[in-house]
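Here is a quick tour of a two-part model, starting where the parts meet. Have a look at it before reading on.

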Amino acid sequence: MSYGSTIKVPLGPQHPALKEPGNFLFEVDGETVVDVKPRIGYNHRGVEKAFELRTYIQNIYLAERICGICSDAHTTCYTQAIEELLGVEAPPRARYIRVIIAELERIQSHALWVGIAAHEIGFDTLFMYVWRDRETVLDLFEMISGNRIHYAMNTIGGVRRDIHAAMVPKIKKGLDFLEKRLKYYLDVVQTEQTILKRAAGVGVLKPKDAVDLCALGPTLRASGINNDVRADDPYAAYDEVPFNVITHDGCDVSSRMLVRCEEMLESIKAIGYALDHMPEGVIRVRVPMKVPKGEVVSRVEAPRGELIHYAKSNGTTKPERYKVRSPTLGNIPALCKMLLGGYVADIPIVLAGIDPCFSCMDRMAFVDVKKNKGWNWTMQQLRRKYAKK
Amino acid sequence: MEKENEIVKKLKNFLKENLVRTTVPKERRIFVYIKKDALKDAVKYLVKDLEFKHLSTITGVDLGGKIEVIYHMAYKGSIVLSIRLTVSEKNPSVPTITDLIPGAVLYEREVHDLFGVNFEGHPDLSPLVLPEGWPQGVYPLRKEHKLEHLREMTSKK
C-alpha cells in the first residue's frame, strides 16, 4: 500500500546486511522501495595507479590481491593479457591447470554465496552445512598450492605449480564428496519452503532489462540469457574442456540460486575431464622483463561474471595503463532495478543475489593509509626491516 | 576472422570519413578509431543494427595533453569491439551514451571521477568512487598526478 509520502533510508557503508562496505540510499514509501542510489568507493586502494608504478612481475601479486575470493580469475586475466602482449602462449599443460584452478575457485565462490544467501534469509542451518562442505575445496587448494585463498598459481608464461599424479585421486575424492552434497543442496533450494517463500519471485530482473543494463554472469544467466565468456570467447583450455552453460528463466533470486548450484556441478565435471586429459609437458615458459609496445583486451568468466582487463604497454618493464573492470560494478545498475518495487525486508537477499564483491569493484581511487599518524613505509624500507630476520 | 572483417566493412560504409582507422589484432577483437562527433551515431548503429548490445566497460587513457576514451562493446558475448576517440585534456567532453545503453551509467561516472571527462547529458555525474571531500578538479588517474602528490593531498585534513 502507498502512504503518499516517502522517506529516505540509508543502508551502509557499515551494515549487518552487507559483508563489505557499500552505501545505498533507499527512498521508501511504506514498505516499498521506490528509488535507490548507490555510492561505492569505500574499499578504494588505488590499484589501477599502482599497476602503473610496478613491474609486470610485481603486478602478478597485485592482481592476485584485487579480490580475496576470485583471485585466480584476476591473475588469469592479467597473465593472459601480458602473454598476448609478449606474443607467447602458456604451454598446454598450464592451460589445463588454469582451467582446473578456475573451476575449483568457481565452486568455492558459489558455495560461499549459497551460504551467504541462506544466511540473509535467516536459514543459518544451510549456511553452516554449505560452508562446512566448502572447506573440501579449500583443503584441495592448500594441497595444490599451499594456500587456501590466494593460491598464486598463475605467472606470466604459465603456472607456478604442477598438479602431480599423486594429487589427482585426492582431488577426485574431494569432488565426489562435493558432488553428492551439491546434488542435495540443489534439491533443497528447489523444494525447501524456507527458501522458496523468500526467494521465488523476489528481485525480478526481466531479460530485456538485464541486457539493457549490461548485467553479467549468473545474474544474467538467471534471466534466461545464454552468455558465458568461457563458451563465447574461450581462453585457457576452455575450447577443449566440455561444459554446459546453465541458464534459467525465472529471473528471480531463486533462479540465481539454481544457476549457481548447477554451475558447481558443471565445474565438477569440467575438472574431472581436465584431470583425465591433462597433456604432459612443461608448465611454463620463460618470458622477458620488458614488454613491447601494444595494447590488449583480456576477458575471463570470473565466478561473478565477465571480468575484463585492458592493458597498454609502452616498451618498458611497467605498464602504461592498466584497467580492471570487475563483474560487481557491471551488475550494480541491474541490482538497482531489481530492488525497485520490492519490499524493504527483501533488500538483503536481493543485494546478496548478485554476489557483490566490493573489494573487487572498488580498486581505483586513493585512500589515505596513514590514518592520523604520519608514516608510510615503502617496499624498500619494509625489505630492509624484515629481510634480515 | 571473416565475421570481424565483415563488421569492420559495415562500420566503414556507415561512418565513412568519421572513421579514422581500424585494427583487428586477433580473433574476436576489433579496435575502431573514430572522430568524436560520430560517437552517438556509431554506438546507435552498433547497438541497433549490429547487435553489440553489451557494454563491457569504458576505459580512460591519458595520452599526454589528450585523453582517450575507449568503449568496449561485445557482440552477443563473443567479439569485443573497442570504439575509441580522443578529447583534449583542457576541455574533455563527450556526449553520454546512457540513452542508448542504460548500463553505461556507472562506467561514465567512473571515467568522470578519475579522468575528468565530462559526459554531456548524463543524468548524474556526482562522485561515485572518490572519497567525500576530494578536492575538485583533481583526477587521480591522469599522469600529471604522481603518487606522492596524491598522498600529500589526501592526508591534509
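Where chain B meets chain A, 30 residues of chain B are in contact with 33 residues of chain A, contact meaning that the C-beta atoms, placed from the backbone, lie within 7 Å. Bear in mind that this is a predicted model: local features need pLDDT of at least 70, side-chain atom pairs count only at pLDDT 80 or more, and totals for chains, interfaces and linings use all residues. Residues are numbered from 1 along each chain as its sequence is written, while chains are lettered from A and ligands numbered from 1 in the order in which they are written.

On the side of chain B that touches chain A, the elements giving two or more residues are β3 (54–62), β5 (79–88), α3 (105–115) and α4 (147–155) of chain B. Helices (H or I, at least four residues) and strands (E, at least two) are DSSP runs, numbered from the N terminus. β3(B) gives the most, with 6 residues. By type, that side of chain B divides into 16 nonpolar, 11 polar and 3 charged residues; Ala, Val, Leu, Ile, Met, Phe, Trp, Tyr, Cys and Pro count as nonpolar, Asp, Glu, Lys and Arg as charged, and the others, Gly among them, as polar.

As for chain B itself, its secondary structure comes to 4 helices and 7 strands, running α-β-β-α-β-β-β-β-α-β-α from the N terminus on. The C-alpha atoms of chain B fill a box of roughly 55 × 30 × 25 Å along the principal axes.

Over in chain A, 3 strands make an open sheet in the order β6-β7-β8, with antiparallel pairing; strands pair if DSSP finds at least two bridges between them. β6 (294–302) and β8 (319–325) of chain A are at the edges with a single partner strand each, so one side of each has no neighbour in the sheet. Neighbouring strands are turned by 15° against each other on average, direction ignored. β6(A) and β7(A) (residues 305–313) pair over 9 bridges, and G294(A) stands opposite S313(A) in β7(A).

| Helix of chain A | Strands touched | Direction angle |
|---|---|---|
| α3 (residues 71–86) | β6 and β7 of chain A | about 150° with β6(A) |
| α12 (residues 327–339) | β6, β7 and β8 of chain A | about 125° with β7(A) |

For these angles, axes are lines fitted to C-alpha atoms, for helices over the stretch in contact, and angles run from 0 to 180 degrees between N-to-C directions.

Terms used
Two residues are in contact if their C-beta atoms, placed from the backbone, lie within 7 Å.
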